[in-house]
Amino acid sequence: MGLEGRLLAQIGFFILQNPFLKNFVTGEIYRGKLKHICTPGLNCYACPAAAFSCPIGAAQMFFAGARHSISLYVTGFLLTVGVIFGKFICGFVCPMGFLQDLLYKIKTPKLVTPLRFLRYVKYFVLVMFVVLLPVVFGSPMFCAYICPSGTIFGAVPLLAVHNFLFDFIGWQFVIKAIIAVGVLIISVFVLRIFCRVLCPLGAIYSLLNRIAIFRMKCDEGKCTSCKSCADACDIMTAPNHAECFRCGKCVAACPQKALSRGA
């Protein structure tokens with residue numbers, strides 16, 4: 001699958017996860033049986049078009065005091081998806097990743113950086129805002145104070161339809177709005193800043209990326225160590241790097257056709 005095929009896949013997965021597009025107009029939120037199922041990407045429960053639940057949201061609800069069965073389901077789901085696909089989910093399935101990719105396509109000077117130290121922030125976010133703080137305060141703290149996906153795909157569409165919701169806006173939403181606007185602006189210049197720095201789901205998939213079944217493969221017999229793959233990529237320094245989204249830029253850039261994606 002080439003880069004154009006990846007774009008079509010991202011559009012398809014976005015619609016698959018958000019089929020109730022008319023709800024953006026009516027301001028309703030789907031609450032049917034599908035909401036008992038988690039999607040593998042960061043797709044907010046409160047998004048009017050969303051058909052499924054967010055795994056990070058579900059995980060926070062468990063740590064905030066929900067049923068034990070939720071923990072087993074979410075943990076098993078994330079580990080299974082991560083071990084099979086790794087960060088392929090981030091590169092092809094996640095709506096928030098798709099949005100950042102679209103913003104990065106805007107013609108501007110780009111800041112190419114590996115974010116060597118900042119990329120560890122997402123592991124802190126995972127531990128503190130998804131696990132520890134929900135245990136202490138009994139509420140989903142990542143959703144409440146950070147998640148730009150919830151702000152962009154959930155809060156903003158609902159505010160656009162239901163004017164009365166503006167009466168309930170407080171400092172908590174202001175913090176989230178600032179984070180969301182910052183992510184949107186920086187995403188124009190830096191590839192997937194949220195995925196690489198703040199996303200707790202990305203942290204989980206990063207940990208499993210090196211052992212994932214679906215992976216980047218290198219035919220060492222064809223490879224000439226020309227580094228064309230590394231030059232084409234804004235992130236990785238080696239195949240199956242923890243931050244690799246499986247986007248395929250390296251595959252397209254390899255003059256020897258030594259790289260491929262697959263199990």
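Visitor: At roughly what angle do the axes of helix H9 and helix H10 cross?
Guide: In this predicted model, helix H9 covers residues 148-161 and helix H10 covers residues 171-187. Their axes come within 9 Å, and the angle at which they cross is roughly 115 degrees.

Visitor: Are H9 and H10 parallel or perpendicular to each other?
Guide: The axes of H9 and H10 cross at roughly 115 degrees, and the range from 65 to 115 degrees counts as roughly perpendicular. The description of H9 and H10 relative to each other is therefore roughly perpendicular.

Visitor: Which residues of H10 make the contact with H9, and how is the contact divided by class?
Guide: H9 passes H10 in a left-handed crossing. On the side of H9, the contact is made by Pro148, Gly150, Thr151, Ile152, Ala155 and Leu159, while H10 brings Phe173, Lys176, Ala177, Ala180, Val183 and Leu184. By class, the residues in the contact of H9 with H10 are 9 nonpolar, 2 polar and 1 charged.

Visitor: Is H7 parallel or oblique to H12?
Guide: Helix H7 (residues 121-137) packs against helix H12 (residues 200-209) with the axes 8 Å apart and at an angle of about 120 degrees. Because of that angle, the term for H7 relative to H12 is oblique.

Visitor: Which residues of H12 take part in the contact with H7?
Guide: The crossing in which H7 passes H12 is left-handed, and H7 makes its part of the contact through Lys122, Tyr123, Val125, Leu126 and Val130. By class, the contact of H7 with H12 has 8 nonpolar, 2 polar and 1 charged residues. The residues from H12 are Pro200, Gly202, Ala203, Ile204, Ser206 and Leu207.

Visitor: What is the volume of the largest cavity?
Guide: The count of cavities of 30 Å³ or more comes to 1. For the largest cavity, the computed volume is about 60 Å³.

Visitor: Which element gives the largest share of the lining of the largest cavity?
Guide: The lining is made up of Pro40, Gly41, Ile89, Cys90, Cys94, Arg192, Cys195, Cys199, Leu201, Gly202 and Tyr205. Two or more of the lining residues come from each of helix H5 (88-92) and H12. The largest share, 3 residues, is that of H12.

Visitor: How do the lining residues of the largest cavity divide by class?
Guide: Among the lining residues are Cys90, Gly41 and Arg192, and Cys counts as nonpolar, Gly as polar and Arg as charged. Over the lining of the largest cavity, the division is 8 nonpolar, 2 polar and 1 charged.

Methods: Residues numbered from 1 in each chain as written. Predicted model: local features only at pLDDT ≥ 70, side-chain atom pairs only at ≥ 80, totals over all residues. Heavy atoms only, no water. Axes fitted to C-alpha atoms, helices over the stretch in contact; angles between N-to-C directions. Helix = DSSP H or I, 4+ residues; strand = E, 2+ residues; numbered from the N terminus. Parallel < 35°, antiparallel > 145°, perpendicular 65-115°, else oblique. Left-handed = near helix turned anticlockwise from the far one by under 90°. Contact = heavy atoms within 4.5 Å. 1 Å grid on protein atoms, 1.4 Å probe; cavity = no way out; pocket = protein on both sides within 12 Å on 5 of 7 lines; lining within 4 Å. Points joined across faces, edges and corners; volume = space filled by probe spheres on them.
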